[in-house]
Amino acid sequence: MNKRDFPKIHFYDQDFVDIYDNSWTWLANFWLNGKTLESAADGYFIYPEGDKTVIDQLDAIFSSFFLVYSNRNFPANQNLDFFYAKQEPNGAIRWRYNAKTETPVADPTNLQGVGLPVFAWAEFNLYHKSANKRRVKEVLPILQKYMDWIDATFKQENGLYSAPVSASTMFNAPRTDVCYPVDFNAALALNAAHMSALGDILNDKDMSFQYKRMYFSLKTRINALMWDSDTGFYHDLDANGERLPHKTIAGFWPLLAEIPNADKADTLIAHLSDPKTFGTDHPFPTLSADSPAFSENGEAFCGSVYPAFNFMVIKGLEKYQRFDLARECSIRHLYFILEGLTPAAGGKGDLYEAYKPRKEGFATYGADEQFPRKRYLATVGLSTIALMIENVIGLNISLPRKTVDWIIPNMEIMGIEKLSLKRNLITILSNKSTRGWEIQMESEKLYYFTINILNQKKKTLPIPSGKCSMLIDKL
């Protein structure tokens, strides 16, 4: 096996393995030259929509979180670099571009063409999967200009940011009268925190302090103005700064940005297990189930389950060490995706952009017969690849730290084989042998391995190059 092959996963449910393998195979059909729409190694992750092809900012950011596991077959930074190359003199980067003309796509609901500002979150993840400090140095000036544009264009006197709801792509969510969207403000806080972290990587103390101050300023305002103790939720605000009643998936962005304290986080996370709000059979609907506008069929952002937003919520759970709930919801979500691929009622299934919240199958939207898009790997890959590796198998990898953390909630046959980490192929597998449960490892270079089993045994060991193994009972 050479370094250009995709990493292989092992899991007791072969269907999970198959959908992971198929995702990599199908992905090649969407890695295209923007002008000819033909497969190209130097192309971009593009999903054709009839006679129109669009490169979407949020899809580019989200897809980087699973493309980092492609063993460099599909460069995770390629789509991001497309957007950076389009930065305008004032710092603006627009949310969507026509792939053929490379010009911004106009939208009357979003005149500035702003997207959710989370480029720094993606770059921080890329750094930990590539250890490429030079890239951090190259992209930071671009991201600083972008943040300056956001500040100059959308910041208001109350310290919050007023941006169009469509910036989050939630085009038909019942969020009328919104002036201060909770997702945009929380995403900006998340971005500021990661800008500070990127400054730390370059040992730029002034920059780190500047964005840390911005983060805490936003955190304070979001907690003071957007949190409702009666509903236990973060809400959008209208032009008068009054909280609006609807509860949407946008209210969980603060979780990812680590904005709530422990008590608020517990209250917010409780909604994810409450079938009356966001704890539906297929987690998590984009609109609370107790909303009058909630639809059992999804109706786009009136209740559909979108893999990208599930990824956001699950990464938020990780911030508060709720690994068991994150894994449980990841597995339930994947089973519904599998059901959509091979429907129990027969017929041909696929991977879809959105799913129903309480039943098997893809969501529907009466206003658009083309909804949901089939085989929309730009976001479904987050579930079938990233969540599979990070939350179902439980691996967390950082190249700069030379660490691999493995959280094992129960002993199962699982692991990853031949994952390329910057010219270092690693294999980590758990198997049951005659001597008991055993972790087998292989690496070309030294790294540090932390294993956490059932929250009962935790140990960090230096793993030498070559093959080695450890018995769980001996830890």
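This is a predicted model: local features need pLDDT of at least 70, side-chain atom pairs count only at pLDDT 80 or more; totals for chains, interfaces and linings use all residues.
**Arginine 435 and its partner**

Arginine 435 makes a salt bridge with glutamate 438, and the closest N and O atoms are 2.7 Å apart. Is glutamate 438 buried or exposed? Glutamate 438 has a relative accessible area of 8%, so I noted it as buried, which means under 20%.

**Other salt bridges**

How many salt bridges are there? I found a count of 21 salt bridges.

One of them joins lysine 35 and glutamate 102, with 3.2 Å between the closest N and O atoms. Lysine 35 sits in the loop between strand E2 (31-32) and strand E3 (44-45), while glutamate 102 is in the loop between strand E6 (96-98) and helix H4 (119-130).

Next I looked at aspartate 290 and lysine 247, whose side chains meet in a salt bridge of 3.2 Å, N to O. This pair links distant parts of the chain, 43 residues apart. Aspartate 290 belongs to the loop between H9 and H10, and lysine 247 to the loop between strand E8 (233-234) and helix H8 (253-256). Aspartate 290 is partly exposed at 43% relative accessibility, whereas lysine 247 is buried at 12%.

**A patch of positive charge**

Which residues form the patch of positive charge on the surface? I noted Arg72, Lys402, Lys422, Arg423 and Lys445. I then looked up one of these, lysine 422. Lysine 422 is in the loop between strand E11 (414-420) and strand E12 (425-433). Its relative accessibility is 35%, and I recorded lysine 422 as partly exposed.

Arginine 72, also in the patch, is partly exposed with a relative accessible area of 43%. I found arginine 72 in the loop between helix H2 (57-67) and helix H3 (78-85).

**Backbone angles**

Most residues other than glycine have a negative phi, and most peptide bonds are trans.

Arginine 72 is not a glycine, yet its phi is positive, about 65°. Asparagine 203 is not a glycine either, and it has a positive phi of about 60°. Where is asparagine 203? I located asparagine 203 in the loop between helix H6 (182-201) and helix H7 (205-225). Asparagine 203 is exposed, with a relative accessible area of 55%.

I also noted two peptide bonds. The bond from proline 283 to phenylalanine 284 is cis, with omega near -5°. Phenylalanine 284 is in the loop between helix H9 (262-270) and helix H10 (307-319). Phenylalanine 371 and proline 372 are joined by a cis peptide bond as well, with omega about -5°. I placed proline 372 in the loop between helix H11 (323-341) and helix H12 (377-393).

**Cysteines**

How many disulfides does the structure hold? I found 0 disulfides. A disulfide is a covalent bond between the sulfur atoms of two cysteines. I looked up two cysteines anyway. Cysteine 179 has a relative accessible area of 18%, so it falls under the 20% limit and is buried. Cysteine 468, with 24%, is partly exposed.

**Two distances**

I checked arginine 332 against phenylalanine 74. They are 258 residues apart in sequence and 28 Å apart in space, C-alpha to C-alpha. Arginine 332 is part of helix H11 and is partly exposed at 25% relative accessibility.

How far is glycine 466 from isoleucine 259, and what separates them in sequence? From C-alpha to C-alpha I noted 43 Å, with the two residues 207 apart in sequence. Glycine 466 lies in strand E16, residues 466-471. With a relative accessibility of 27%, glycine 466 is partly exposed.

Methods
Residues are numbered from 1 along each chain as its sequence is written. Side-chain values use heavy atoms; hydrogens and water are left out. A disulfide is a pair of cysteine sulfur atoms within 2.5 Å. Buried means under 20% relative accessible area, exposed over 50%, partly exposed in between (1.4 Å probe, protein chains only). Patches are made of residues with over 30% relative accessible area and no salt bridge: like charges are joined within 9 Å, nonpolar side chains (Val, Leu, Ile, Met, Phe, Trp, Tyr) within 5 Å. Accessible areas come from the Shrake-Rupley method with a 1.4 Å probe; for residues, only the protein chains shown count as cover. A salt bridge is a side-chain nitrogen of Lys or Arg within 4 Å of a carboxyl oxygen of Asp or Glu. Lys and Arg count as positive and Asp and Glu as negative; His and the chain ends are not counted. The place of a charge is taken as NZ of Lys, CZ of Arg, CG of Asp or CD of Glu. Helices (H or I, at least four residues) and strands (E, at least two) are DSSP runs, numbered from the N terminus.
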